[in-house]
Amino acid sequence: MTEDARFEDGREAPLNLGALDAEDLQVLSALAQDAVFPATEMIWRASERRFAILLNRFRWEDTDHAAKRGRDVERVQSVLVIENVLKVASQGVDRSDTDTILSLLSLTFKEGTDGAGDVDLTLAGDGVLRLTVEALEISLKDVTRPYIAPSKRVPGHDV
């Protein structure tokens, strides 16, 4: 007799996901929500039309599993890369303050014409990064092993 595979039987693997449309981006946004990063970990390479951030991503996909196994929740370092970037603008972000820690709340895409548009990275504290892109192409890739979240708590939001 054969049996279907169960989620619990799967191995934990690092995320390596991409988004080519607004629907895909919703998935990346959910997985990157509450990621924290120093302002110094953002880079825009204008000649390559690439913007990247090294994030300390909360592992939302593991929260229920951690609770069931009685272990602490985790974070992992991930690289968020946005391709085809034509322009970068920010509001409420002081890049000169090297001690500033930013918290990513969401990623959204406002489509313009012919697949171009704006990618907004909304940050806690009313900060926003707006990247004007020729076409939507974003990747989120875990680059380290998970580690116990320093707070040992699931991030919360006051509504």
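Predicted model: local features only at pLDDT ≥ 70, side-chain atom pairs only at ≥ 80, totals over all residues.

Biologist: How many salt bridges does the structure hold?

Modeller: There are 12 salt bridges in the structure.

Biologist: And why would such side chains pair up at all?

Modeller: Opposite charges on side chains can pair when the charged atoms come close.

Biologist: Which salt bridge does aspartate 120 form?

Modeller: Aspartate 120 forms one with arginine 130, where the closest N and O atoms are 2.7 Å apart. That pair links distant parts of the chain, since arginine 130 sits in strand β9 (residues 127–133), 10 residues apart from aspartate 120. Arginine 130 itself is partly exposed, with a relative accessible area of 34%.

Biologist: What about lysine 110, how does aspartate 120 meet that one?

Modeller: Their side chains make a polar contact at 2.6 Å. Beyond its neighbours up to four places away in sequence, aspartate 120 also touches residues including Ser106, Leu107, Thr108, Val128 and Leu129.

Biologist: Switching topic: which residue does glutamate 48 form a salt bridge with?

Modeller: Arginine 50, with the closest N and O atoms 2.9 Å apart. Glutamate 48 is partly exposed at 40% relative accessibility, and arginine 50 is partly exposed at 32%.

Biologist: And glutamate 61, what's its partner?

Modeller: Glutamate 61 pairs with arginine 59, the closest N and O atoms being 3.5 Å apart. Glutamate 61 is partly exposed at 32%, while arginine 59 is buried, with a relative accessible area of 6%.

Biologist: Which residues do shared partners join into one network?

Modeller: Salt bridges with shared partners connect Arg57, Arg59, Glu61, Asp62, Arg71, Glu74 and Asp142 in one network.

Biologist: Last one, lysine 152. Where is it, and is it buried or exposed?

Modeller: Lysine 152 is found in the segment after β11 (147–148). It counts as exposed because its relative accessibility is 51% and the cut-off is over 50%.

Terms used:
Residues numbered from 1 in each chain as written. Heavy atoms only, no water. Helix = DSSP H or I, 4+ residues; strand = E, 2+ residues; numbered from the N terminus. Buried < 20%, exposed > 50% of the residue type's maximum accessible area, 1.4 Å probe, protein only. Polar contact = N/O pair within 3.5 Å; in protein donor to acceptor, adjacent residues only side chain to side chain. Contact = heavy atoms within 4.5 Å. Salt bridge = Lys/Arg side-chain N within 4 Å of Asp/Glu carboxyl O.
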